[in-house]
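Hi everyone, thanks for coming. Have a look at the model on the screen, and I'll talk you through a few parts of it.

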Amino acid sequence: MPYRGDNMLNVKRTNRSAVLRLLHEQPGLSRKRLAEQTHLTPAAITKITGELILEGLVREGVSLPSVGAGRREVSLEPDMHARCALGLLLNRGQALLSAVWLDGSVIFAEEQPMSTPAPADETLSQLCARLLQLAGENGLDTAHILGVGVALRGITDADGRVARNSFGTLAEQDYPLAERVEALTGLPVVMANNVRALFAAQMFFSGDQQHRSQFFLRCEYGIGGALSVNGRIWHGATEQCSEIGHIPVVKQNGKLCVCGKRGCLETVASPTAIREDAEALLSPERTPLLWDIHAARGGGSLALDEILEAAEKGDAAVAALVGRALTALSDALKALIYVIDPEKLVLYGQLFDDPWLLDQLREEMKTGMDAGHCVLPEVSPYNHRLENKAAPLLMVDAFFRAGGLPFTG
């Protein structure tokens with residue numbers, strides 16, 4: 001196997017990254033405490049923090065209470081407004097333009113409609129022009145903008161530069177998306193799958209990197225997943241790790257999936273699939289409770305909460321439909337638990353807003369599981385709150401990984 005050493009620049013990046021991340025998580029630490037927690041020498045900490053102060057990324061705070069004789073310690077505070085990042089979140093039929101400071105606080109966020117599928121060149125020209133306009137309107141200094149994080153529904157290449165298949169978000173496949181955004185904005189770009197970007201944002205705010213392994217499941221339009229190992233998101237050999245939504249669960253006569261196959265989990269258990277199946281059943285004879293609930297709310301498009309309310313109240317056909325969806329989802333998650341043995345299973349998306357459905361899913365997942373593998377899912381404390389942060393935080397995370405040094409991809 002190949003063996004590689006590390007050069008001094010990478011060592012410097014790693015050490016600076018450790019200091020920046022620690023101050024982000026625990027602002028107010030002194031140089032002495034930083035040395036203790038990073039296991040770096042006091043001299044190394046003094047050099048690193050001196051550089052960070054000169055660069056405007058860190059500033060000295062208050063004097064801390066003295067313990068014994070010697071020089072009083074001074075707290076160090078990261079300047080979270082020293083830099084910012086822009087973001088593009090590209091979903092089917094919609095884009096979200098946003099910007100955040102280094103602590104993830106939102107500077108602006110704006111939704112923009114997209115055609116389905118959207119012509120890539122024309123769409124990105126419009127979106128990038130508007131993104132730069134918003135940055136200017138919000139007084140963001142170009143010199144302090146780290147770059148653009150792009151989160152895309154679908155599959156990217158291993159380098160995070162090419163959108164291989166966006167499942168109908170963009171009209172083109174194998175499109176050089178990162179290069180195009182760089183050309184349009186004049187800024188560096190990092191790109192990732194949208195579910196991985198949401199998961200990275202969750203870890204950024206929760207400090208969950210300490211878990212040896214976690215699985216993040218998102219159910220919104222479809223079903224997506226992301227896996228972390230030792231605090232880093234695992235991509236897989238072909239950048240398709242954790243594509244749980246495209247596990248085949250219907251062997252014959254399955255519905256066509258956006259991925260081109262038939263019978264994927266997403267065609268049975270996603271919010272979109274549940275709504276489509278319920279709409280096909282909707283009638284006063286077959287679904288009397290759902291019919292009444294829907295009529296009482298004024299009709300129109302059938303809503304997911306209407307379907308779940310009818311299922312909970314005992315509308316037999318609707319309860320059976322939801323039951324099939326939960327069984328399929330539960331079986332996929334149980335298989336995943338036995339294979340990867342995660343410490344934590346996190347749920348994200350509108351499907352998990354309903355307490356009754358969540359209880360049903362947890363009960364389903366207990367069936368056939370031994371005590372050693374019974375990892376019950378928990379809803380993300382940031383549910384529905386990460387979309388306007390996920391894309392730009394890709395760039396913030398890259399900046400922290402680089403130790404605050406110029407980002408080179």
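This is a predicted model: local features need pLDDT of at least 70, side-chain atom pairs count only at pLDDT 80 or more; totals for chains, interfaces and linings use all residues.

Residues are numbered from 1 along each chain as its sequence is written, and side-chain values use heavy atoms, with hydrogens and water left out.

So, helix 13, residues 387-401. Helices (H or I, at least four residues) and strands (E, at least two) are DSSP runs, numbered from the N terminus. Is helix 13 buried or exposed? Twelve of its 15 residues are buried, so the rest of the structure largely encloses helix 13. Buried here means under 20% relative accessible area, with a 1.4 Å probe and protein chains only. Among those buried residues are Leu393, Leu394 and Phe399. Helix 13 also has a kink of about 40°, centred on leucine 393; that's the angle between axes fitted to the seven residues ending there and the seven starting there. After helix 13 comes glycine 403, with a positive phi near 70°.

Now the pockets. A pocket is an open set of points on a 1 Å grid over the protein atoms alone, where a 1.4 Å probe fits, with protein on both sides within 12 Å along at least five of seven lines; lining residues have an atom within 4 Å of a point. The volume is the space filled by probe spheres set on the points, which are joined across faces, edges and corners.

The largest pocket has a volume of about 1,100 Å³. Which residues lie nearest its centre? Out of 41 lining residues, they're Arg21, Arg232, Leu394, Asp397 and Arg401. Helix 13 is one of the elements that each supply at least two residues of that lining.

The second largest pocket comes in at about 600 Å³. It's lined by 31 residues, and Asn91, Arg153, Asn194, Arg218 and Tyr221 are the closest to its centre.

Two strands pair if DSSP finds at least two bridges between them. Strand 10 and strand 11 are antiparallel, over seven bridges, and phenylalanine 216 sits opposite alanine 226 in strand 11.

That's me done, thanks!

Terms used. The expected span of a helix is 1.5 Å times one less than its number of residues. Buried means under 20% relative accessible area, exposed over 50%, partly exposed in between (1.4 Å probe, protein chains only).
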